[in-house]
Structures are given as C-alpha cells and as structure tokens.
Amino acid sequence: MRLSEIYAQSKPVISFEIFPPKTDEGLTPLLAELQKLKQLNPWLISVTYGAGGTTQGRSLFLLEKIVKELQLELMTHLTCIGSSEKSILEFLKKISGWGVENILALRGDFPKNDPDYQPESDVFQHAIDLVKFANRHTNANIAVAGFPEKHPESASLQSDIVYLKEKIEAGAGAIFTQLFFNNQYYYDYVSALRTAGITVPVIPGIWTITNLKQIQRIAELSRAEIPADLLNKLQQADEKGVREIGITYAGEQIKDLLANGAPGVHLYTLNKADTVTEVLKRVF
Ligand code: FAD
C-alpha cells in the first residue's frame, strides 16, 4: 500500500523503524522480533539503509523477507550521497520487482570510522537529487526527512524549510521527522511548514529512552533537546527506572501528539519488540 493511501486513513497510523543488523548472524533474531512486531498490527515498517550503501545487501535481504514472508507494508530508506546512478537504479529495480511501493529518500552522510570507504560517484549531492531520480525511475511514493529542531548542518530552520519545500515540489508526498522529546518543536515545525505552503503529512519520529548513556549520545548527534526535568529524572534513576521513565514518557508524548492532530507516529524500535509493545500499551 502506498503512503498516500496509508495516510488517508482516519485512524492514527502506527509505523515502526528497524535497521539491518551489523552481521548476517543478526538476521535470524531480527526476523523473530519482526514476528512480534507484526502482532502489533503496524501499518508500515521502514528499513534503514547504511550510510553510503554500506549495508545494502542486508537491507535487501530484510526487505525481501518482510514482503514475501511477513507480508507487511514497507518503506525502504535510501541514501544517495556517494552512490552511483547505476547502483541506485539496481536497488530501485529490485525493490520495485518485489512490490515495495514506498521510499524514504535521503542524502545520508559519509560513513564514519570506515577508512576503506570509497564513494562510487559524486552525482548525488542532496536528497532532492534522489527524489527527482526516483520519481523518474519508479512509481513508488516518496517521503523525505524533516528536522523540527533544524538539521545540524543548516544555518537556520528557515533555510531547511526552503530546501524541504523544493523536495515536496519535486514529488515527495510525506515527511518523517527526526526524533524529538519536546512536542512543542513538532507543533511549531508543522505550523511553519503549513505557512510555507507544505501540506503533506508530517509524521513524528518517536524514540523510547531505555538507556541514559545511549540517549545522551543520540541526542548529541541529532541535536534533539532532552527537556531538563526529564533529564533530571533519568539521571536519578537506576537502569530499570530509566526504562520505566522512558516508556512512560514516550506513551505520554504519543498521546499528546495524536490528540493534537499528528497523522500517526513512527517508532524507532531498535529492533526490539518488547519496548514498543510496552509503549503502545500505555497509549491504546
Ligand atoms: P538533505 O535534504 O540533502 O539536507 C542536508 C542538509 O543540506 C540540510 O542542512 C539542508 O538544509 C541542506 N540542503 C538540502 N537541500 C539543499 C540544496 N539543494 N542545496 C544546498 N543545501 C541543501 N541516514 C542514513 O544513512 N540511513 C538512513 O536510513 C537514515 N534514515 C533517516 C530517517 C529519518 C526519519 C531521518 C530524519 C534521518 C535519517 N537519516 C538516515 C539521516 C540523514 O541521512 C541525515 O540526517 C543527513 O545528514 C541529511 O539527510 P537529508 O535527506 O535531510 O539531506
């Protein structure tokens, strides 16, 4: 099912993000987690794509398994920086042959800590180049990334929104956001996008905190602000307490977003079904 049909629902759309494991041995346990995630009746599963195409093989393996064996609706992430037109085209052909109808078109970043990485080409500079390329070569629905707290490289949120609008005008029909913990950033962002004439669904990305060190690292990378009172509570809790606080917070965050008109939520599962199961129990 295409994103345009999925987000035409009157019900909130619950979707999950998974990532390809680092090794082939990680694939079997992930498929078991996916069976558990399926029990939660998600509308959509998205599969991330390694920086510079570094996990392309395992992304493809997962996509094929999910379509053919689990019969879940899919969106594949696809990054373009460093890739050649030929390798992107091969990927698009494969997934379209399996009936994958949705692509999250991203620029990506060059892989860090990989001294052997050699870009194939410099033909793709920004996500918009991929949006245009994918539009020319597939019938898939295309989504793009949005950054309520501004992309770390951007001079201003306003310049980000100008480029985002170009991607929408080039054919992208939905925006999946970077994670955030303060819903006000999302509400202000949606309002700024509507003022700029961007009318497509803006789907909030929700991260459930289960580990303090991990979230401090992620927040630093993504520049997502952790509200001071939440951080305070997390710093005073033990390991089990952190998880409980994180699950409760994500549940409240989702309830607030859905009550205030978000079309759904996209949950980062970190390839574990138990945490998102707990979160959704607090919501529905
Ligand atoms: P772009 O749209 O190219 O934007 C990057 C920067 O360039 C921004 O500052 C923007 O304002 C600016 N810009 C945009 N267009 C232009 C232009 N035409 N001229 C000049 N400047 C411009 N990464 C992965 O490697 N794999 C994944 O699976 C993945 N999934 C993600 C999912 C989500 C929901 C999000 C939010 C991010 C994801 N990322 C992933 C990370 C993403 O690849 C990085 O954040 C990357 O730095 C930016 O990608 P983009 O598509 O926004 O790029």
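Between which two elements is the loop in which Asn-271 is found?

1. Basis of the note. This is a predicted model, in which local features need pLDDT of at least 70 and side-chain atom pairs count only at pLDDT 80 or more, while totals for chains, interfaces and linings use all residues. Residues are numbered from 1 along each chain as its sequence is written, and side-chain values use heavy atoms, with hydrogens and water left out.

2. The ligand shell. The ligand is surrounded by 23 residues, of which Tyr-49, Asp-109, Ser-154, Asp-160 and Lys-167 are the closest; a residue is near a molecule if one of its heavy atoms lies within 4 Å of it. By class, the shell divides into nine nonpolar, nine polar and five charged residues, where Ala, Val, Leu, Ile, Met, Phe, Trp, Tyr, Cys and Pro count as nonpolar, Asp, Glu, Lys and Arg as charged, and the others, Gly among them, as polar.

3. An oxygen atom of the ligand lies 3.0 Å from a polar side-chain atom of His-77, and a polar backbone atom of Gly-108 is 3.0 Å from an oxygen atom of the ligand. For Ser-154, an N or O atom in the side chain is 2.6 Å from an oxygen atom of the ligand. The ligand taken alone exposes 970 Å², and the protein buries 85% of that, with accessible areas from the Shrake-Rupley method with a 1.4 Å probe and, for residues, only the protein chains shown counting as cover. Two or more residues of the shell come from each of strand 3 (74-79), strand 4 (102-106), helix 6 (157-169) and strand 6 (174-179); helices (H or I, at least four residues) and strands (E, at least two) are DSSP runs, numbered from the N terminus.

4. Strand 3. Six of the six residues of strand 3 are buried, so this strand is largely enclosed by the rest of the structure; buried means under 20% relative accessible area, exposed over 50%, and partly exposed in between (1.4 Å probe, protein chains only). Leu-74, Thr-76 and Leu-78 are buried on one side, and Met-75, His-77 and Thr-79 on the other. Two strands pair if DSSP finds at least two bridges between them, and strand 3 pairs in the parallel sense with strand 2 (residues 44-47) over three bridges. Strand 3 also runs parallel to strand 4, to which four bridges join it. Thr-76 stands opposite Val-47 and has Ile-103 as its bridge partner in strand 4. From strand 3 the chain crosses through helix 4 (residues 85-97) to strand 4 in a right-handed β-α-β crossover; right-handed means that, with the strands pointing away from the viewer, the path from the first strand over the helix to the second runs clockwise.

5. Strand 5. Six of the six residues of strand 5 (residues 141-146) are buried, with Asn-141, Ala-143 and Ala-145 pointing one way and Ile-142, Val-144 and Gly-146 the other. Strand 5 pairs in the parallel sense with strand 4 over three bridges, and Asn-102 stands opposite Asn-141. The crossover from strand 4 through helix 5 (residues 127-137) to strand 5 is right-handed. Strand 5 and strand 6 are parallel and pair over four bridges, Ala-174 being the bridge partner of Ala-143.

6. Strand 7. Strand 7 (residues 202-207) is mostly covered, six of its six residues being buried. Strand 7 runs parallel to strand 6, with three bridges between them, and also pairs in the parallel sense with strand 8 over three bridges. Thr-177 lies in strand 6, and a polar atom of its side chain lies 2.9 Å from the backbone nitrogen of Gly-205.

7. Two loop residues to check. Asn-271 is found in the loop between strand 8 (264-268) and helix 11 (273-283); this residue has a positive phi of about 65 degrees although it is not a glycine, and at 9% relative accessibility Asn-271 counts as buried. Gln-71, in the loop between helix 3 (56-70) and strand 3, has a positive phi of about 50 degrees, again without being a glycine, and at 59% relative accessibility Gln-71 counts as exposed.

Key: Polar contact = N/O pair within 3.5 Å; in protein donor to acceptor, adjacent residues only side chain to side chain.
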